[in-house]
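Hi there,

Here is the structure I promised to pass on. Have a look at it first, then read my notes below.

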Amino acid sequence: MIQNKTRIESIESAVLDVLEAVGEDPTREGLVGTPNRVARMYGELLSGYNVDPTELLNGALFDVEHEQMVIVTNIEFQSLCEHHMLPFTGLAHVAYVPDNKVVGLSKIPRIVDMYARRLQIQERMTKQIAETVSTLVEPLGVGVILTGSHMCSTIRGVRKQHSLMTTNFMTGSLRSDSLLRSEFLTQIQIDKQ
């Protein structure tokens with residue numbers, strides 16, 4: 001959350017300017033509290049800037065003799081496109097092949113949220129998630145697939161309501177071993193049913 005009072009006041013002032021620029025009266029009943037609400041909303045939607053990945057892990061890395069792929073599917077995310085500041089939402093699927101260490105289950109969705117709660121493009125977010133899991137967990141390989149619906153192309157621009165974007169980023173054994181990658185992709189399809 002944006003905690004700094006100066007930042008909140010700055011956003012409130014900018015929202016007032018926008019309201020006036022589009023021809024609205026910021027003093028009318030329905031808009032009186034809007035600048036503050038918008039400032040608090042951005043604090044929530046962009047809270048990922050305030051998260052340290054190492055602190056997020058909080059020691060939840062465990063020595064375990066597990067050599068098979070670990071997959072967390074259907075992780076819902078909401079983000080803001082950095083080009084128009086409009087929402088994009090979707091599902092993330094994250095897999096890793098442990099090298100004698102596994103990470104606490106809740107940490108994978110938290111890593112997704114950390115990057116989703118920033119101004120983003122989906123391609124970068126996919127890579128950031130994969131690289132962070134790789135750095136923190138040190139697995140033999142990581143795979144991340146994101147599928148998102150972007151309001152910048154559904155409510156403006158081309159206005160294609162059902163278009164989805166899919167991005168992926170693979171490292172290590174998930175990149176080099178086609179059987180592992182295929183197992184990951186198959187599991188995602190099973191979990192969608």
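**What I found**

Start with V133: leaving out its neighbours within four places in sequence, V133 touches V94, Y96, I108, I111, E138, P139 and V142 (contact means heavy atoms within 4.5 Å). Bear in mind that this is a predicted model, where local features need pLDDT of at least 70 and side-chain atom pairs count only at pLDDT 80 or more, while totals for chains, interfaces and linings use all residues. Residues are numbered from 1 along each chain as its sequence is written, and side-chain values use heavy atoms, with hydrogens and water left out.

V133 is also among the residues with the most contacts inside the largest nonpolar core, which has 29 residues. Such a core is a set of buried Ala, Val, Leu, Ile, Met, Phe, Trp, Tyr and Cys residues joined through side-chain atoms within 4.5 Å; buried means under 20% relative accessible area, with a 1.4 Å probe and protein chains only. Another core, of nine residues, lies apart from it and includes M69 and I145.

Now the sheet: five strands form an open one in the order β5-β2-β3-β6-β7, with mixed pairing. (Strands are DSSP runs of E, at least two residues, and helices are runs of H or I, at least four, numbered from the N terminus; two strands pair if DSSP finds at least two bridges between them.) β5 (119-120) and β7 (165-171) are at the edges with a single partner strand each, so one side of each has no neighbour in the sheet. β2 (residues 70-81) and β5 pair in the parallel sense over two bridges, and C81 has Q120 in β5 as its bridge partner.

Cheers

Key:
Buried means under 20% relative accessible area, exposed over 50%, partly exposed in between (1.4 Å probe, protein chains only).
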